[in-house]
Amino acid sequence: MSDSGLLIRICGKVQGVGFRPFVWQLADRLRLYGEVCNDSAGVEIRLLAPVNIETFIGQLQRDCPPLARIDSISVAPFDWQIPPKDFTITPSRQSQMDTQVAPDAATCPECLKDITRAGDRRHGYAFTNCTHCGPRFTLIRAMPYDRPSTSMAQFALCPACQQEYTNPADRRFHAQPVACPHCGPQVSATFQDGKIQAQDQAALAHAVAALQAGKIVAIKGLGGFHLACDATQQDAVMRLRARKHRPSKPLAVMLPDVSWLARCSDDSPQFALCELLKSPAAPVVLTTKSAASPLCEAIAPELNEVGLMLPFTPLHHLLMQAVQTPLVMTSGNASDCAPVLSNNDALTQLGDIADLWLLHNRDIVQRADDSLVRLTAQGTEVLRRARGYVPDALPLPPGFAFQPPLLALGGDLKNTFCLVRGHQAILSAHFGSLPHSDIAEQQQQAIEHFQQLYDCTPVAVARDAHPGYVSHHQAERHAVRTVDVFHHHAHIAACLAEHHWPLDGTRVIGLALDGLGYGEKDRLWGGECLLAGYLHCDHLGGLPAVALPGGDRAAREPWRNLLAHWQAFVPDWQTRPQAQSLLSQPWQPLSKAIAAGINSPLASSCGRLFDAVAAALGCAPPHLSWEGEAASRLEALAHQAHGISHPVTMPLRHTENGTFLDLATFWHQWLDWQALPAARAFAFHDALAQGFAALARYHAVRTGIRTVATGGGVLHNRLLRQLLHRYLAPLNVLMPQNIPAGDGGLALGQALIACARLQHASASNSSGFKNKDLHD
């Protein structure tokens, strides 16, 4: 004879976040009998009748743990062969993978109390965590998420930790990384020879002394290493820059605690910034630099923003409490190399940079860089999506049926990849530039790990259409069909996906603004107006194409772009007083190469237009040391004159090939206007925003479409973003917020376009797929 009951399935982010003990406590409170377990599809609850299911589910949804997220709840009848006498938590079951992996979470307030409370058995312990905080993604080897499947498997629990781990009423119940000084990972301080100089709190003291003396310390964290030094000592920061060959790219800074924010940032409201800094993701937050900041000028030279973060692990908390000064926390890698992940690699590859190594003996399974965000009037803008956000799954927009596994490889710069399965997309953490072979190797290892973790093998691979991209050729490693996607179509599709634009929704006016990407008819795009949906993309116009003298060198030497623009739009440029700096460069051979079309491909690049204007104003160096340096300096200069009136415009010019912004008019007006550099920098931003807004409105009227979607790395320019949003009113404007506007979001757009084409081809041709359905 069997007893009736209910089987409740919970899907979402419900593993590794304290969900089972929460269910146990709820069942105990409601005096219910049954069991709860993890499996590869989520959490399964079996209850013995009678059950007030409305009350139970209501409290599940209302009171679930802070790191959990319920995506769906299903209820079905269940027959007990042997009725339960209480409520228990049972071992995990293996089944088809459909759950989510939780991101790493910053130290919670309760664990912070533990490590700072004298007499607590975890006082001063650098690996304290519970079900509400600590490492997740960076230590998982396989699913379901249980301790034997993590890099904590080698650390056997002591009796005290075992008691916490097995007690459902304890907040450390089944916290897989749970540990204490008697049984868990240990911190050590070494020099490059690897010989341990000190351990645990003595190791921290060594690191503090080195930092206070102006030394550089390599620190092993959650998903990689940091290189740290005193952010208030100019000499220390310049030493780090020299050793890392990073002359001017801004450096992230960790503050000892939130009280330092008001001293380092002029942004308001401070409350919102504090909440973002203290969130479980604990990202680096870009804020406006304070004029009275204690941070030295070398942190972010020539820029008006600085990236700040708070300690996010117990190790960082203990270090910052001891040093009591802001520290640079920049990525632990040598120039043009992938970040190191192992102790041995750190000792070898950072040998010419660090003076001391603060290591630990817990393996990093998956790389996760610091996430980078900014607070805007529209909400949080994610510039780099990594630690704390990855691998949170993204729901597919309405209209996308249950998808077979698909992999999208992203682009070559700021690379991320995307795995689609069922009704979700999982966007990877940031990797960087794939032309560096060691970064490409880390990315390929991560792809294999994701496929194993989520138990799915792709049936198709989406890739950038550019035939010269590393990511384009990576697709050849997979013996499945490929889907080629235009770069800027993917940017717009990523924005649509983030805003849950339905598959059968109307097409939108797309503004895709970036440095460079492959477009139709082998053209190089970068400042485009498109008519786009997931399935189709038509080019409407944008910026006119201008030569890139020297090809890729134009992206590193802004004066080359200035020469190309002036040669195209300002025939008398040599006679103008603003030409002196350009005339001092070796421009004559390049001028002839441009005229002859030798190694000077045409591109409608918005990024290179920024470089040209920055070069004309003298705020860009002759040779850039990091991508976006000229544009970022130009924006910082423009903020000094925000809102001034000016006579500069970029009117529309209609041709048989589309509608384009008139750069000849812009350059003549801009050069003829006598104003200070800051005013001219602002005038450029304002004219560009008004020009693209006018272009979008023109096509909105012509097509009857009222929605504009934006994308591309230029949209990370805070000033241009604000101006575009203002001038596009009253149209419905979609801007990237939670997914990077730049190439970090490209893979999501590729994935959605590929899914749409495969779904459309399958529906329209049951006998197979046709290339015309799969490629731009």
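This briefing walks through salt bridges, helix packing and a few single residues in the structure above. The model is predicted, so local features need pLDDT of at least 70 and side-chain atom pairs count only at pLDDT 80 or more, while totals for chains, interfaces and linings use all residues. Residues are numbered from 1 along each chain as its sequence is written, and side-chain values use heavy atoms, with hydrogens and water left out. Helices (H or I, at least four residues) and strands (E, at least two) are DSSP runs, numbered from the N terminus.

**Salt bridges**

- The structure holds 32 salt bridges, each being a side-chain nitrogen of Lys or Arg within 4 Å of a carboxyl oxygen of Asp or Glu.
- One of them joins the side chains of Asp114 and Arg171, at 2.7 Å from N to O. Asp114 belongs to helix α3 (residues 109–116) and Arg171 to the loop between α4 (159–166) and β6 (187–190), so this pair links distant parts of the chain, 57 residues apart.
- For exposure, buried means under 20% relative accessible area, exposed over 50%, and partly exposed in between (1.4 Å probe, protein chains only). Asp114 is buried, with a relative accessible area of 5%, whereas Arg171 is partly exposed at 23% relative accessibility.
- Arg122 and Glu164 also meet through their side chains in a salt bridge, at 2.7 Å from N to O. Arg122 sits in the loop between α3 and α4 and Glu164 in helix α4, so the pair ties together parts that are 42 residues apart in sequence. Arg122 and Glu164 are both buried.
- Lys414 pairs with Glu627 in a salt bridge whose closest N and O atoms are 2.5 Å apart. Lys414 lies in the loop between β18 (403–408) and β19 (418–422), and Glu627 in the loop between α17 (606–617) and α18 (629–639), so parts that are 213 residues apart in sequence are tied together. Lys414 is partly exposed, with a relative accessible area of 35%, and Glu627 is exposed, at 53%.
- Salt bridges that share partners join Asp114, Arg117, Asp120, Arg121, Arg122, Glu164, Arg171 and Arg172 into one network.

**A crossing pair of helices**

- Two packed helices are described by the angle between their axes and the distance between the axes.
- Helix α13 (residues 487–498) and helix α22 (residues 746–764) have axes that come within 7 Å and cross at roughly 90 degrees. Here the axes are lines fitted to C-alpha atoms, for helices over the stretch in contact, with angles running from 0 to 180 degrees between N-to-C directions.
- α13 and α22 are therefore roughly perpendicular to each other, a label for angles of 65 to 115 degrees.
- On the α13 side, the residues in contact (heavy atoms within 4.5 Å) are His487, His489, Ala490, His491, Ala493, Ala494 and Ala497. They meet Leu746, Leu748, Gly749, Gln750, Leu752, Ile753 and Arg757 in α22.
- The residues of this contact divide into 8 nonpolar, 5 polar and 1 charged. Ala, Val, Leu, Ile, Met, Phe, Trp, Tyr, Cys and Pro count as nonpolar, Asp, Glu, Lys and Arg as charged, and the others, Gly among them, as polar.

**Helices with a buried side**

- In helix α6 (residues 234–244), the residues Ala236, Val237, Leu240, Arg241 and Lys244 are buried. They cover an arc of only 140 degrees around the axis, which puts them on the same side of α6; the arc is that of the directions from the helix axis to the C-beta atoms.
- These buried residues of α6 pack against β9 (225–230) and β13 (327–331). The face turned away from the buried side carries the exposed residues Asp235 and Ala242.
- His245 follows α6 and has a positive phi, near 55 degrees.
- Helix α8 (residues 270–277) has Leu273, Cys274, Leu276 and Leu277 as its buried residues. Seen down the axis of α8, they fall within an arc of 165 degrees, so they line one face of the helix.
- The packing partners of the buried α8 residues are α7 (261–264), β11 (284–288), β12 (305–309), β15 (372–376) and β16 (379–384).

**Two single residues**

- Leu383 is in strand β16 and counts as buried at 18% relative accessibility. Not counting residues up to four places away in sequence, Leu383 touches Leu286, Leu372, Val373, Arg374, His716 and Pro740.
- Gln442, in helix α11 (residues 437–453), is buried with a relative accessible area of 14%. Leaving aside neighbours within four places in sequence, Gln442 is in contact with Ala338, Pro339, Leu341, Arg367 and Phe431.

Conventions: Angles under 35 degrees count as roughly parallel, over 145 as roughly antiparallel, 65 to 115 as roughly perpendicular and the rest as oblique.
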